[in-house]
Amino acid sequence: MSSIRVAGLTGAALAGLAMLVPLAASGHHSFAMFDHVHRVTLAGTVTRFQWTNPHVFIELDVPEANGQTKHFSIECASPNVLMRGGWKYTDVKVGDKVKLLINPLKDGSAGGMLEEATLADGRTLGDSNPPGGVFER
Amino acid sequence: MKTLLLSLVVLAAAAAAFASATAAGSPPDLSGTWSVYPGRAKGSTPPDPKLVAPPPGPLLLKPKYAQPYEAMRAKQRESDQRGEPLANASTECIPNGMPTMMFPIYPIEILQTRGQVTIIQEAMSQVRRIYLGQPQMKIEDVPPGYFGHSVGHWEGDTLVVDTVGVKEEVLGYKDTPHSSQMRITERFRLVAPDVLHDQITVEDPVTLEKPWTYTFAYRRNPGYQMLEYVCENNREYVDDKGVTRMRLQDR
């Protein structure tokens, strides 16, 4: 089971609400689907931004060297967690050009878990998933 | 002079009466929204060791239950390592129920009204109601459910709560098994003006050798407004091997 090293949340105003929750107690094992060591940065265009529970999703079209486009589904934290980490539901829109640092799916399919996003306006926001922590690398 | 003395006596008596009324008549105020204590914020001071939750007591399952439980945990760890995590209730947007909903993974909200304490867990909008001063029901009269039936009363500064009727499919804290005979006792107490402990003791004559006790600690979060949580779009699904997968989209 991955252990957790703490990173501070972005969003100074929400510092008082930061929470560190031990993953083992929550029983949410799906983080294990993702490779937390071999991270990848995707640069592409947002085709959908699903601001829903249990996970926010960013759908991304990424241009490839051969001129084709590869589509990725990127899982983020719950909107509840993201908001406490400084996100607003308006921070990402269809058509935005973004860079996403992701932990890709271990099975090799075109998806992953968000670690950090560089938004269209240049701001970076962390995922805070699990709440308040990052994975030991 | 006599009037002044008399006024002072009356004032002193009134003050004493107020103090004793507050101490004896009004229970502590647990209302508000609460986040995990100590939590972790940039630049925060280290937590007060007197306020941190004490370590949990040992989990002593009867052998018949201990072995499958350990085997299940080992299988979970092994599947996680392979990157093929086994699915569980949260994969399917199913609430934790009692007592796991009390774990402060997200904030909780406590409402104190006459004759009732209501607790809302932000994660999956779980609600439980504690009926004050009412006798507890017989377990067999409670339709088995996620949250059970809770009654409570104040013992001085401690709210003592008894819960029965959680169904067996709703696993306990750390996915522990339990029977229909499980009884959960909680002792809620402010260990500081804005730090609350929920000491949970699980008894189960069928599955446990001895009662299992653990404590969750919360910090009051004035001004925090609870968010909704409707588990509507679960892109994680369970495949035919019981493994959690993520549903990808084409666009």
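Which pattern does chain A follow when read along the sequence? In this predicted model, chain A follows the pattern β-α-β-β-β-α-β-β-β-β, and its secondary structure accordingly comes to two helices and eight strands. Of the 137 residues in chain A, 44% are buried. Among the contacts in chain A with a separation of 6 or more, 60% are between residues 24 or more positions apart.

Chain B contains a closed barrel of nine strands, which runs S1-S2-S3-S4-S5-S6-S7-S8-S9 with mixed pairing. On average, and with direction ignored, neighbouring strands of this sheet are turned by 30° against each other. Strands of a sheet pair through backbone hydrogen bonds, in either a parallel or an antiparallel sense. Strand S1 of chain B, residues 32-36, is joined to strand S9 of chain B, residues 212-220, by three bridges, and the two run antiparallel; within this pair, Val36(B) stands opposite Tyr218(B).

S6(B) in turn pairs with S7(B) in the antiparallel sense over seven bridges, and Thr158(B) stands opposite Arg189(B) in S7(B). Between strand S7, residues 183-192, and strand S8, residues 195-203, both of chain B, there are nine bridges in an antiparallel arrangement; Arg187(B) has Gln199(B) in S8(B) as its bridge partner, and a hairpin of two residues joins S7(B) to S8(B). S8(B) then pairs with S9(B) over eight bridges, again in the antiparallel sense, with Thr201(B) standing opposite Thr213(B) in S9(B).

In soluble globular proteins, nonpolar side chains tend to be buried together. The largest nonpolar core of the model has 37 residues, and those with the most contacts inside this core are Val202(B) and Tyr218(B). Two or more residues are given to this core by each of S1, S2 (108-113), S3 (116-121), S6 (158-164), S7, S8 and S9 of chain B, and the largest share, five residues, comes from S9(B). When neighbours within four places in sequence are left aside, Val202(B) is in contact with Pro99(B), Gly172(B), Met182(B), Ile184(B), Leu208(B), Pro211(B) and Trp212(B). Apart from this core lies another, of 28 residues, which includes Phe34(A), Phe49(A), Phe57(A) and Cys76(A).

Helix H2 of chain B, residues 63-82, remains to be described. At 1.5 Å a residue, its 20 residues should span 28 Å, and the end C-alpha atoms of the helix are 29 Å apart, which agrees with that expectation. H2(B) is hardly covered, since the count of buried residues among its 20 residues is zero. The residue that follows H2(B) is Gly83(B), whose phi is positive, near 80°.

Methods. Residues are numbered from 1 along each chain as its sequence is written. Chains are lettered from A and ligands numbered from 1 in the order in which they are written. This is a predicted model: local features need pLDDT of at least 70, side-chain atom pairs count only at pLDDT 80 or more; totals for chains, interfaces and linings use all residues. Two strands pair if DSSP finds at least two bridges between them. Helices (H or I, at least four residues) and strands (E, at least two) are DSSP runs, numbered from the N terminus. Axes are lines fitted to C-alpha atoms, for helices over the stretch in contact, and angles run from 0 to 180 degrees between N-to-C directions. The expected span of a helix is 1.5 Å times one less than its number of residues. A residue is buried if 20 or more other C-beta atoms lie within 10 Å of its own, exposed if 12 or fewer, and partly exposed in between; C-beta atoms are placed from the backbone. A nonpolar core is a set of buried Ala, Val, Leu, Ile, Met, Phe, Trp, Tyr and Cys residues joined through C-beta atoms within 7 Å. Two residues are in contact if their C-beta atoms, placed from the backbone, lie within 7 Å.
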